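Hi everyone, thanks for coming. Please bring the model up on your screens, and we'll walk through it together.

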Amino acid sequence: MDTRMNKSTFGELPAVTIRAADGAQATVTLYGGHLVAWQTSDGQERLFCSRDSALDGSRAIRGGVPVIFPQFGARGTGMRHGFARVATWQLESTGDADGAAWAQFILQHTDLPDAIATTWPWAFTLRLRVAVQGLSLELQLSVHNTGEQAFPFSAALHSYFAIDQLGEARIGGLQRVRYSDETPQDALQAEELLQFADKLDRIYYQLPGALTLQSGSHTLRLEQQGFTDAVVWNPGAQDAAALPDLADDEYQRFICIEPALIQPDTLAAGAQWTGRQHLEFI
């Protein structure tokens with residue numbers, strides 16, 4: 001089988017690229033265990049990564065799929081969006097199965113620098129598995145409590161999907177789902193298809209099923225397990241202009257749809273949690 005794994009670089013960052021026999025491929029940087037590129041077997045890049053993003057390990061990468069752990073955003077006392085996206089992961093294993101190429105990455109508490117370790121006193125092992133084939137991508141994030149005390153955590157895969165034009169994109173599957181945004185009260189989405197005029201920042205709770213993202217002639221189907229919620233985000237023109245690692249016009253070229261576990265879960269000593277996301281163009 002013509003499945004290959006190559007060690008490479010992305011910017012200045014060490015990376016691993018996996019390639020399936022049908023040409024589908026994905027690149028993950030060891031910094032952050034960060035999926036930065038996904039090409040389907042037709043050669044199209046499906047993820048967005050900002051041309052102004054630092055790719056030298058000085059700050060989190062803007063784009064791709066950042067791993068969010070152990071807190072979401074500022075919902076906690078630790079680092080915003082947690083430390084997993086700025087820690088150095090290790091490649092644990094690679095292989096192929098039924099035509100899909102896969103790689104698994106690992107981050108343990110012993111890998112954390114002292115400045116982070118002092119803020120997170122619990123023992124853990126994170127694993128991220130990335131598999132590609134044809135028009136599909138499978139992501140699996142597992143959290144294993146390897147210590148003797150329970151700990152609380154949140155998690156998300158902060159996926160930036162490349163789109164043709166923000167105003168033409170549509171997200172399906174959210175009708176009648178409860179969400180929160182910057183307004184005081186939660187609401188239920190009335191529309192069958194969510195559209196974007198400018199900035200949008202919503203957390204949707206307890207998804208009932210799969211979502212779809214329509215952009216141009218392409219439709220992406222998004223399924224998730226373990227992750228109970230989804231975050232839908234685009235900064236809009238004003239907030240994009242204030243972000244130093246995002247070019248002013250780039251907000252038009254992506255939508256974030258993030259499988260997430262927003263409300264912190266408590267993981268017992270020795271227990272494991274797994275979240276999965278399956279993406280496929282249909």
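Let me start with a question: over the face of which residue does Arg202 lie? It is Tyr179, with Arg202 at 4.0 Å from the ring centre. Arg46 lies over a ring face too, that of Phe281, at 3.8 Å from the ring centre. For a charge to sit over a ring, NZ of Lys or CZ of Arg must be within 6 Å of the ring centre and within 35 degrees of the ring normal.

Two words on the ground rules. This is a predicted model, where local features need pLDDT of at least 70 and side-chain atom pairs count only at pLDDT 80 or more, while totals for chains, interfaces and linings use all residues. Residues are numbered from 1 along each chain as its sequence is written, and side-chain values use heavy atoms, with hydrogens and water left out.

Now the sheet. Four strands make an open sheet, ordered β1-β2-β3-β4, with antiparallel pairing. Because β1 (4-10) and β4 (34-39) stand at the edges with a single partner strand each, one side of each has no neighbour in the sheet. From one strand to the next, the twist averages 25°; axes here are lines fitted to C-alpha atoms, for helices over the stretch in contact, with angles from 0 to 180 degrees between N-to-C directions. Strand β3 (residues 25-29) and β4 run antiparallel and are joined by five bridges, and Ala26 has Trp38 in β4 as its bridge partner. Strands are DSSP runs of E, at least two residues, and helices are runs of H or I, at least four, numbered from the N terminus. Two strands pair if DSSP finds at least two bridges between them.

The largest nonpolar core has 71 residues, and Phe69 and Leu213 touch the most other members. Strand β20 (residues 254-267) gives this core its largest share, six residues. Apart from it lies another core of eight residues, including Phe72 and Ile262. A nonpolar core is a set of buried Ala, Val, Leu, Ile, Met, Phe, Trp, Tyr and Cys residues joined through side-chain atoms within 4.5 Å. Buried means under 20% relative accessible area, exposed over 50%, and partly exposed in between, with a 1.4 Å probe and protein chains only.

Take Leu220, in strand β18 (residues 218-225): at 2% relative accessibility, Leu220 counts as buried. Leaving aside neighbours within four places in sequence, its contacts (heavy atoms within 4.5 Å) include Trp38, Leu213 and Phe281.

Finally, the rings. There are 20 aromatic pairs. Rings of Phe, Tyr and Trp (its six-membered ring) pair if their centres lie within 6.5 Å; planes under 30 degrees apart are stacked, over 60 edge-to-face, and the rest tilted. Phe48 and Tyr160 are stacked, 6.4 Å centre to centre with 25° between the planes. Phe48 lies in the loop between β4 and β5 (67-68) and Tyr160 in strand β11 (residues 160-162), so the pair ties together parts 112 residues apart in sequence. Phe48 is buried at 8% relative accessible area, and Tyr160 is buried at 3%. Phe83 and Trp120, by contrast, are edge-to-face, at 5.8 Å and 65°. Both also belong to a cluster linked by ring pairs, with Phe69 and Trp273 among its members.
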